[in-house]
Amino acid sequence: MIVRITVNGDDRPFDVSGPDSLLSVLRRDLGLPGTKDACEQGECGSCTVELDGALVCSCLVMAVDADGCEVTTVEGLGDEDGLHPVQEAMLETGAVQCGFCTPGFVVAGAHLLDRNPHPTPLEVKEALAGNVCRCTGYGAITRAFELLAEPHPGDAQTGEES
Amino acid sequence: MTSTVVPRVRGGIGTSVRRPDGEPKVSGNFAYASDLTAPDMLWGATRRSPYARARLVRIDVGPARAIDGVHAVLTQADVPGKPLFGQEEQDQPVLCDGEARFWGEPVAIVAADDEETARLAAEAIIVEWEELDPLVDPEQAVADGSVYREMRVRRGDESVSGNVVVEGYYETATQDQAPLGPEAGLAIPDDAGGMDLYVTSQWIHIDHKQIVDCMAMEPDQIRCHPVGIGGAFGAREDISVHIHVAMLAAVTGRPVKMVYDRSESFVGHVKRHPSKGWYRHEADAEGNLVKVTARLILDGGSYAHTSRAVLANGAYFTVGPYRCDNIVVDAAVTRTNNPPAGAMRGFGAVQTCFGYEMQMDRLAAALDMDPLELRRRNALAPGDPMATSGQIIEGSLPTVAVIDALEAIPLPPEDVDDDPLLRPGGTGLTTSKADVVRGVGFAVGLKNLAFSEAFDDYTEARVVMTSAGVEVHTAAIEVGQGLVTVCQQIARTILGTERVAVIWDDTSRIGSAGSTSASRQTQMTGGAVHAASEALRTKILQTHDGDELRADGVYRSGGLIATVDEICADGPVEEHVRFRHPPTTTADENGQGDVHAGFVVAAHRAVVDVDPELGLVRVVQVDTAQDVGKALNPQAITGQLEGGIMMGTGFAVMEQLVIRNGVIVNPTFTDYLVPTFMDAPDVETRIIEEGDHWGPFGAKGIGESPTISSTPAIVAAIRNATGKDLTKVPVLPEHIIGD
Ligand code: FES
Ligand code: FES
């Protein structure tokens, strides 16, 4: 059947016959290998995408069930002017080693900051506990979110408080 | 080895520069092996043995061949060249040769139009087996003489004894590297009967040699390319899909790609050797070590891989960073029907560090002495003979300095945050605050640097000055650790320009860089880049009679006398070097000799909270002081220390491949637990800079150290909290609850 989804703002219809996951369709059929496949069991978070605003492991979503949905992948974050702040912060603190976990952390981290612009370190740990990183020990990732969680001048919240 | 002139340049050594591959990695644009495709590409799949040991009675590939979309089904009879491969000893069949010797051994391979068809076809192959009794007990294997290597180390006088004696028996389980990126490879045939291979690896030249032999091709017919790697930790030092994709591509004449899924990855690479160790430490009344007696068994599983070298490390590191003049060590690595073991971060030194550091704590208790004081008293220093090999320590070895620096780090407050999530059991919310007991433990660990025992260890680099900037060419494998940045930093510092690009060359373009293992690439490939850059700088200065090289050209007495364009007027200028570390020797029949190229030392202190009733542990903080020689990139060092500590934490309290009668029962991320963000301890790091006698600017490799002594420090802390005599890792709840 033809499945119609919007990926990173573009209409991307595709034909699916078998029990393909959203992850394999993104990687194989839609030419978006940025979303990674490290377990296909919902255990590592490498395949994290936003599906209609919710954070999901795309390896656990049947492609047919994404019909009519909007998907945001790592390739859809940032714009021509530059990287998304999460991407920038992870580069700044050295939170990228092999980088295989990074797309998942970027998508999950952006999702967290959308909902909670000033997370505490414990809130960051909890929110990202579904994303495994085997290289960094999470220290540099923690520091990236500390940078991001600092209140910035001009933030709505800062304005209200002052 | 220091540069005569160290110009000030942006992005040079000692700075925490951003990695050049960082931006593609955060954007999802970095190409890992599993992301590669080629026009007309087929997919490969593997059929594996369901038994740890069985005779292959009959194999019928007909049903697989009959499936629409299947292009090839191959067995051992189809291997064009040498039927066996292996890094040190060629003993593993490319495909099952009549007897399967481990659970998951490849039996047949398939190429088909798509992944699903390939997997279905692999399952459709009819295989009849006669199950045989597997040899799975390493002690039985030693008794049977089924060993890859035995080692005997004797030093001093066996008959002496100390006033204080402690004995212990320790076990470590099988740990998996579990790199996040799966084994993956793509083979693309060329028009001349050869091919290009893009396969996850830590050392493409050693792969190349094995592939060429098994494919019966000329060396120049096969080109192995460096490719994007999702972590390695030792798992990629041996062959995985390499020869299989090559065979399928050669037979079909089309590109073939193979990617292991997670469960296949758990059987598709070597693991950390499980170990058993018996130790007897004797000291005088002041706490000076008098004699260490040890027996060590590592299980190498079904094929040799790097087991011989791992055993040497085990045997030589049974005493750790301590002086002792009387040594009796017997060690063996066994051949069994368990999954093959090989390289993993720490390479034999992890297993013994758990043993000797538990012993040092016991000895301190028996002497009623502060455990760190005991370690300081016996600390190995430059000029001392290494306890086991007798080799005089050259270069730097700041054992006391790392202990002092560690001790000076403030302990975390007892009770800052009462969030239940931060108690043992975490998100399970099972532990009440009143039940939590805190413990603190220490450990110090020693590791050798680069390859040992007279191995001809070298690495090549080519540094080229062009009008557009400097190119560093190497075949060294970047697995995520940041070698790419270190190479840039070294070349920038010596050549005075920020414009340095690292070019990853395939096996046809440059000689071997050796393996990305043994903590060796910063020193070895870094050393080659250093030497080539120095030679290039000297050549350019001599040619133009200058005294300084800067980003815009050659200077004399502060004035520009030749621009970069003028330097490169006749084309790029280059230097190509083959770099070696100081030679090592083989050992005599007593294990004595200058077998190691250098040493690195680190100390760890762990703070844990334990719920003794439920057996739950939270690792609160792990601090470290690390000998680095010279810090080339402080941020990258912190990343290695924190990442290595996390892997050591996993081994201390959760990571264990459960193997029953040769069968891995937990080959998934659901059942093989790796630490998540919620498990991550806070980490404080201190780096100790005392330049080594070789390596760029005195730098040492530090990739393995953090994994070596973090595990025993955590176990010591749990013991401190519970009073339990914990002698196995990982420490599981039942070890804490039981009597
Ligand atoms: S690949 Fe989806 S969670 Fe691991
Ligand atoms: S950077 Fe390698 S898994 Fe996170």
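Predicted model: local features only at pLDDT ≥ 70, side-chain atom pairs only at ≥ 80, totals over all residues.
Along the principal axes, the C-alpha atoms of chain A occupy a box of roughly 55 × 35 × 25 Å.

The secondary structure of chain A consists of six helices and seven strands. Read from the N terminus, the elements follow the order β-β-β-β-α-β-β-β-α-α-α-α-α. The domain assignment divides chain A into domain 1, residues 2–76, and domain 2, residues 85–149. In the contact between them, 17 residues come from domain 1 of chain A and 13 residues from domain 2 of chain A. The centres of the two domains of chain A, taken over C-alpha atoms, are separated by 21 Å.

Of the 162 residues in chain A, 52% are buried. Contacts in chain A between residues at least 6 apart in sequence were also examined, and 59% of these join residues at least 24 apart. The accessible surface of chain A amounts to about 6,800 Å², and carbon and sulfur atoms account for 48% of that area.

Chain B contains 18 helices and 31 strands. The radius of gyration of chain B is 26 Å, close to the 27 Å given by the globule rule for 739 residues, so chain B is as compact as a globular protein of that length. A box of roughly 80 × 75 × 60 Å, taken along the principal axes, is filled by the C-alpha atoms of chain B.

Buried residues account for 65% of the 739 residues in chain B. Where contacts in chain B link residues at least 6 apart in sequence, 81% of them join residues at least 24 apart. Chain B exposes about 24,500 Å², with 48% of this area supplied by carbon and sulfur atoms. The charged side chains of chain B comprise 62 positive and 104 negative ones, and the centres of the two sets are 1 Å apart.

Notes
Residues numbered from 1 in each chain as written. Chains lettered and ligands numbered in written order. Heavy atoms only, no water. Helix = DSSP H or I, 4+ residues; strand = E, 2+ residues; numbered from the N terminus. Rg over C-alpha atoms; globule rule 2.2 N^0.38 Å. Buried < 20%, exposed > 50% of the residue type's maximum accessible area, 1.4 Å probe, protein only. Contact = heavy atoms within 4.5 Å. Areas by Shrake-Rupley, 256 points an atom, 1.4 Å probe, with all protein chains shown as cover. Lys, Arg positive; Asp, Glu negative; His and termini not counted. Charge placed at Lys NZ, Arg CZ, Asp CG, Glu CD. Domains from an automatic or database assignment.
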